[in-house]
Structures are given as C-alpha cells and as structure tokens.
Amino acid sequence: FFTRAASTLVAFSVGGAFEPGNGFKVVGAHTDSPVLKVKPVSKKSASGYQQLGVECYGGGLWHTWFDRELSLAGCVIVSKAGGGFERKLVHIQKPLMRIPSLCIHLQSADERAKLEVNKETHLVPIVAMLNNEINKTAAPEGADERHAPELLKVIADAAGCNVEEIKDMDITLFDTQAGSTWGTDQEFFSAARLDNQVHCFTGLEALISHSDEGHQESDTDVSVLVCFDHEEVGSDSTHGAGSPIMKEIVERVNTCFGVDAGGETFKLSLRKSFVISADVAHAVHPNYSSKHETNHGPLLNKGTVIKTNNNQRYATSATTGFVIRELSRQASVGVQEFVVRNDCPCGSTIGPAIAALTGIRTVDIGISSLSMHSIRETIGVADIDNSIKLFKIFYKNFRALDDSCQF
C-alpha cells in the first residue's frame with residue numbers, strides 16, 4: 001500500500017498469475033466528508049466567550065451541527081528536539097465545544113420559518129468563557145499566536161508535545177456521539193461520516209478477505225482499493241480522484257515487472273481494468289417521497305444501488321451496469337436502481353473523474369442512505385454486509401465475467 005498526504009490510501013494485492021498488461025480490479029471510495037475545519041487563524045472572541053474560527057468544508061447540512069457536543073481531530077506539524085519536523089495525529093475524545101441554537105423567543109416568525117444558517121457568523125463554536133487578565137492562560141514563548149493558548153494547550157496534550165513545538169495544524173471538528181444501531185429490529189445504523197467511510201470499510205474488508213481466502217494465488221489481475229480525499233470539493237487536487245494517482249497505480253505495478261512507463265503494455269492494462277466507484281446513494285425519504293422518480297427509489301437494507309445519469313454525472317453505462325447486476329446475482333445480494341428526477345439537480349462522484357482521466361471502464365454504485373451530509377447519517381445494517389459480499393465477488397469473479405463478454 002501507499003498513501004498521499006496522509007488522507008488518500010491505495011491498498012492492493014497483486015495476483016499470483018499476474019503478467020504485465022493484465023487488468024486492475026478497483027474499488028474506489030473517498031475518505032472526506034462535509035465538516036467544519038479550524039481556520040489558519042482561529043483565535044476569536046465575542047460577548048465574553050472564547051470561540052473558534054472555522055471554515056465549512058464541502059456541502060454540509062449545517063443546521064445539524066447545532067446543539068451537538070463537538071471535539072477536535074486531525075494532525076499537527078511539530079518541531080523535533082533534535083531538529084526537523086514531524087506530523088502527529090490528534091484525536092480529542094472529550095467534548096470541547098458547542099454551537100448553540102438561537103432560542104425561539106429571539107427569532108422573528110420569518111426567521112423561524114426559513115431556518116437560514118449564515119455559514120460565517122452562525123457556525124462559530126463556543127469553547128469557553130473569556131478569563132480575566134489575572135486568570136488568563138499565558139502563551140509560552142514561541143507559541144503560535146494565530147490560535148488561543150488554551151486551545152493550543154489542549155491540542156499539545158493530545159499530541160504529546162509542548163505548545164511551542166506546534167508549528168501548523170489540519171484540524172477538523174467532529175460529533176462526539178458514537179455510532180449506534182436502532183429500530184425495533186436494530187436494522188438501522190446511524191453515525192457521522194458514513195458518506196463515505198462506509199465504503200472505505202467494506203472495500204477494505206473485501207480486499208483483505210480476497211487475500212486471506214487464497215484467491216489471489218491464481219488471480220491474473222491486481223485487486224485494488226483506493227480511498228481518495230477531496231471528493232466533497234470536486235476531486236481536483238494533488239491527491240483527489242482528479243489527480244494522476246489512478247494512472248500511477250497501474251503504471252507503477254507494471255514497471256515493477258520491467259515494463260516501460262506509459263508504453264503499450266500500460267495502455268493494455270487500462271483497457272482491461274474496471275473501477276467500481278462506491279459512494280452512498282439517496283434512499284427514499286418516507287416524508288419526502290416525491291423527491292424520487294417513481295421507478296428509481298432505493299430503500300435501506302434492499303441491496304446496492306446502481307446510479308445512472310446519461311448527462312455523465314455518474315459514470316455508469318449499459319455495459320458497466322450489467323457487470324454489477326451480474327455480479328450481484330452471483331453474490332446473491334440485492335441490487336437497486338437510482339436515476340435522479342429530471343427536475344432535480346444531480347450530484348457527482350469520483351467515477352466520472354477517474355473515467356475521464358484514465359479511460360478505465362467505470363460504474364457508480366453505493367449503499368443507500370438517509371440524511372446524507374448531515375452530522376449523523378443513516379444506512380441499513382444489512383447493506384453493509386451486502387456491500388462486502390459484492391466487492392468480494394468482484395475481486396474473485398470479474399476476470400471470468402469480463403472474458404465471457406463479447407463487447
């Protein structure tokens with residue numbers, strides 16, 4: 001495996017019978033989700049409160065971030081005692097902050113009806129009461145003046161370093177409430193960031209199982225899981241799906257077998273490869289069922305959703321969609337269809353970006369979900385297992401299926 005920027009992961013298993021020019025079976029997902037991120041200058045205060053300057057990342061349902069116990073996670077760049085710098089991970093599990101709603105009595109009738117959120121002024125978390133000068137935490141010499149010393153102290157304790165050693169940070173806010181199953185039959189699962197860490201999980205489980213069960217010994221292809229960053233903001237970055245990473249996977253493995261980079265053998269590998277772009281899909285909401293087209297309304301716990309959009313917001317075609325339908329039949333798991341209504345906008349995924357950049361055949365699929373881009377999203381428990389089964393069959397049987405197709 002290899003990583004880029006500590007947020008894009010590529011894991012792969014080279015088949016025991018692989019030869020240069022053979023195909024790559026890829027499950028692609030993304031690691032990022034709509035969140036609030038700490039600004040480069042986060043020190044902020046108002047009306048006697050110490051607050052935290054944050055930036056909205058992606059397109060979140062930001063009203064769901066109100067009245068939740070929030071904390072911080074991410075990484076910091078710290079100086080080393082012997083010289084040089086290193087990255088340290090930070091995960092502060094105790095609640096640190098909250099974004100309170102404005103009480104109903106201070107809102108006009110119009111404000112209550114609109115439920116409008118100003119992303120710059122309304123989403124600023126409260127961290128603490130401002131201390132007077134006598135009780136105020138003193139910033140150590142050399143501490144980063146862009147952030148409150150109280151905040152730096154908490155982050156430094158979590159990172160196991162001194163405050164003045166923190167030189168920069170990439171920190172995200174998160175909801176401290178753990179994920180949970182619910183319902184009379186415990187058939188639903190709700191948690192943060194299911195879009196799209198659920199497919200990072202199911203893809204990894206399938207890849208590990210494919211290797212552990214010995215299927216790779218006779219495999220003529222390379223089985224790959226790639227989890228990209230920056231899908232929620234368009235994928236165009238050094239390590240998003242619009243970067244050269246997907247091509248580099250195919251190229252680097254082939255060059256390990258003595259093949260010249262970018263040659264005909266590399267191009268042959270691209271032609272034989274297949275990408276499953278896995279990202280959560282829109283389940284029918286029972287209170288807003290009119291938002292779905294009648295014949296394309298996915299439900300929870302009913303199987304993987306194939307997403308189709310002829311305007312190329314999804315990469316699915318008749319041939320790539322067929323592959324998933326046939327593999328689902330072989331895996332004995334359900335499959336559903338989604339097409340957005342003609343009078344609604346359609347989101348997109350890493351699928352079209354990879355297909356356009358590499359020319360690899362691609363299909364867009366995913367587990368159906370409710371409350372997409374909320375601070376807590378919901379999926380069906382059975383669909384997690386269904387996704388793993390489908391990806392396992394894909395890694396195991398795709399080559400035989402592809403060889404049997406005369407198109």
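How many bridges join β10 to strand β11, and which way do the two strands run? Select residues 188-191 for β11: 3 bridges join β10 to this strand, and the two run antiparallel. Strands here are DSSP runs of E with at least two residues, helices are runs of H or I with at least four, and both are numbered from the N terminus. Two strands pair if DSSP finds at least two bridges between them.

This is a predicted model, in which local features need pLDDT of at least 70, side-chain atom pairs count only at pLDDT 80 or more, and totals for chains, interfaces and linings use all residues. Residues are numbered from 1 along each chain as its sequence is written, and side-chain values use heavy atoms, with hydrogens and water left out.

**Whole chain**

Show the whole protein before going further. Its secondary structure comes to 8 helices and 19 strands. The radius of gyration is 24 Å, close to the 22 Å that the globule rule gives for 407 residues, so the protein is as compact as a globular protein of that length. That radius is taken over C-alpha atoms, and the globule rule is 2.2 Å times the number of residues to the power 0.38. Along the principal axes, the C-alpha atoms fill a box of roughly 80 × 60 × 35 Å. Buried residues make up 47% of the 407; buried means under 20% relative accessible area, exposed over 50%, and partly exposed in between, with a 1.4 Å probe and protein chains only.

**The open sheet**

The order is β10-β11-β19-β18-β14, an open sheet of 5 strands with mixed pairing. At the edges are β10 (180-182) and β14 (281-282), each pairing on one side only.

Next select residues 194-212, which form helix α3. Its 19 residues reach 26 Å from first C-alpha to last, close to the 27 Å expected at 1.5 Å a residue; the expected span is 1.5 Å times one less than the number of residues. α3 lies across β11 and β19 (377-380), at about 40 degrees to β19. Axes are lines fitted to C-alpha atoms, for helices over the stretch in contact (heavy atoms within 4.5 Å), and angles run from 0 to 180 degrees between N-to-C directions. Buried residues of α3 include Leu-194, Val-198, Cys-200, Ala-206 and His-210. After the helix comes Gly-214, with a positive phi near 85 degrees.

Now select α8, residues 381-404. This helix lies across β10, β11, β18 (368-370) and β19, and runs at about 65 degrees to β19.

**Gly-380**

Is Gly-380 buried or exposed? Gly-380, found in strand β19, is buried, with a relative accessible area of 0%. Leaving aside residues up to four places away in sequence, Gly-380 touches Glu-187, Leu-300 and Asn-301.

**Strand β6 and its partners**

Last, select residues 70-79, strand β6. The hairpin of β6 and β7 has 5 residues between the strands, and in it Gly-83 takes a positive phi near 105 degrees.
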